[in-house]
Amino acid sequence: MSKNKPVVVIGLMGSGKTTAGRLIAEALGLELSDSDPYLQSRYGGTAAEIARREGADTLHRYEAEHVLHELAGEPKVIAAAASTVEDPKVRAALRDPFVVWVDASDDVLAERMRSGHHRPDFDPAAMRGRREPFFRAVADLVADVAALRPEQVRDAVLRALGKPAHR
């Protein structure tokens, strides 16, 4: 793989998309683009604030826009909001980049989100029911983040891309 191919990290909230994405980006020498800072800078709020202010449909449209916008630019690692896989345009755009699905059981994800204020009403089982078929359809690699540390996820991605594991 050349350095030119983008990598997209997908998964439900609490799966560690940002952490894994940051490590993958550093190892590949690419920029990381994360949906949360994108939303904050472009729309002046967190995902929860935008959902409250403008509604979930608008939030999901902004999240899909993030992925499509970043895929149209210079190659980078993109930590994509889970909702993006529901958008047919995003799924079509995910055919070319290398897509990593970071996942864990619903119990693990719920526990990880318990201490956060990001989305207090997070229900991983409901989100998985809607999004898992899409995650499966677009993922080139699935990483069980209950069993793998973020560094191991990074190394699995590097191996899948034909790159030496990070030292």
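Axes here are lines fitted to C-alpha atoms, for helices over the stretch in contact, and angles run from 0 to 180 degrees between N-to-C directions. Helices (H or I, at least four residues) and strands (E, at least two) are DSSP runs, numbered from the N terminus.

From α2, Leu-39, Gln-40 and Tyr-43 make the contact, and from α3 Ala-47, Glu-49, Ile-50 and Arg-53 do; contact means heavy atoms within 4.5 Å. By class, the residues of the contact of α2 with α3 are four nonpolar, one polar and two charged. For the classes, Ala, Val, Leu, Ile, Met, Phe, Trp, Tyr, Cys and Pro count as nonpolar, Asp, Glu, Lys and Arg as charged, and the others, Gly among them, as polar.

Before going on, the ground rules. This is a predicted model, in which local features need pLDDT of at least 70 and side-chain atom pairs count only at pLDDT 80 or more, while totals for chains, interfaces and linings use all residues. Residues are numbered from 1 along each chain as its sequence is written, and side-chain values use heavy atoms, with hydrogens and water left out.

Next, the other side of α3. Helix α3 (residues 47–54) packs against α4 at an angle of about 135 degrees, with the axes 7 Å apart. This pair is therefore oblique as well. On α3 the residues are Ala-47, Ile-50, Ala-51 and Glu-54, and they meet Ala-56, Thr-58, Leu-59, Tyr-62 and Glu-63 in α4. The contact of α3 with α4 has six nonpolar, one polar and two charged residues.

Now the sheet. In what order do the five strands lie? The order is β2-β3-β1-β4-β5, in an open sheet with parallel pairing; two strands pair if DSSP finds at least two bridges between them. At the edges are β2 (32–34) and β5 (141–144), each of which pairs on one side only. On average, neighbouring strands of this sheet are turned by 20 degrees against each other, direction ignored.

Strand β1 (residues 7–10) pairs with β3 (residues 77–79) over three bridges. Within that pair, Val-7 stands opposite Val-77, and the bridge partner of Val-8 is Ile-78. With β4, β1 pairs over four bridges, and Val-9 stands opposite Val-100. Four bridges also join β4 to β5, where Val-100 stands opposite Leu-141.

Are the residues on the faces of β1 buried or exposed? Val-7 and Val-9 on one side and Val-8 and Ile-10 on the other are all buried, buried being under 20% relative accessible area, exposed over 50% and partly exposed in between (1.4 Å probe, protein chains only).

Helix α1 (residues 17–28) lies across β1, β2, β3 and β4 (98–103), and runs at about 165 degrees to β1. Helix α4 (residues 56–71) lies across β1, β2 and β3, at about 180 degrees to β3.

On to the cores. A nonpolar core is a set of buried Ala, Val, Leu, Ile, Met, Phe, Trp, Tyr and Cys residues joined through side-chain atoms within 4.5 Å. The largest has 38 residues, of which Val-7, Val-8, Ile-10, Ile-24, Leu-94 and Val-102 touch the most other members. Two or more residues come from each of β1, α1, α4, β3, β4, α7 (124–138), β5 and α8, and β4 gives the most, with five. A separate core of seven residues includes Tyr-43, Ile-50, Leu-59 and Tyr-62.

In helix α8 (residues 150–160), Val-153, Arg-154, Asp-155, Ala-156, Val-157 and Leu-158 are buried. Their cover includes α1, β4 and β5. After α8 comes Gly-162, with a positive phi near 75 degrees.

Ala-82 lies between β3 and α5 (88–93) and is buried, with a relative accessible area of 8%. Leaving aside neighbours within four places in sequence, Ala-82 is in contact with Gly-11, Leu-12, Arg-131 and Phe-135.

Definitions and conventions. Angles under 35 degrees count as roughly parallel, over 145 as roughly antiparallel, 65 to 115 as roughly perpendicular and the rest as oblique.
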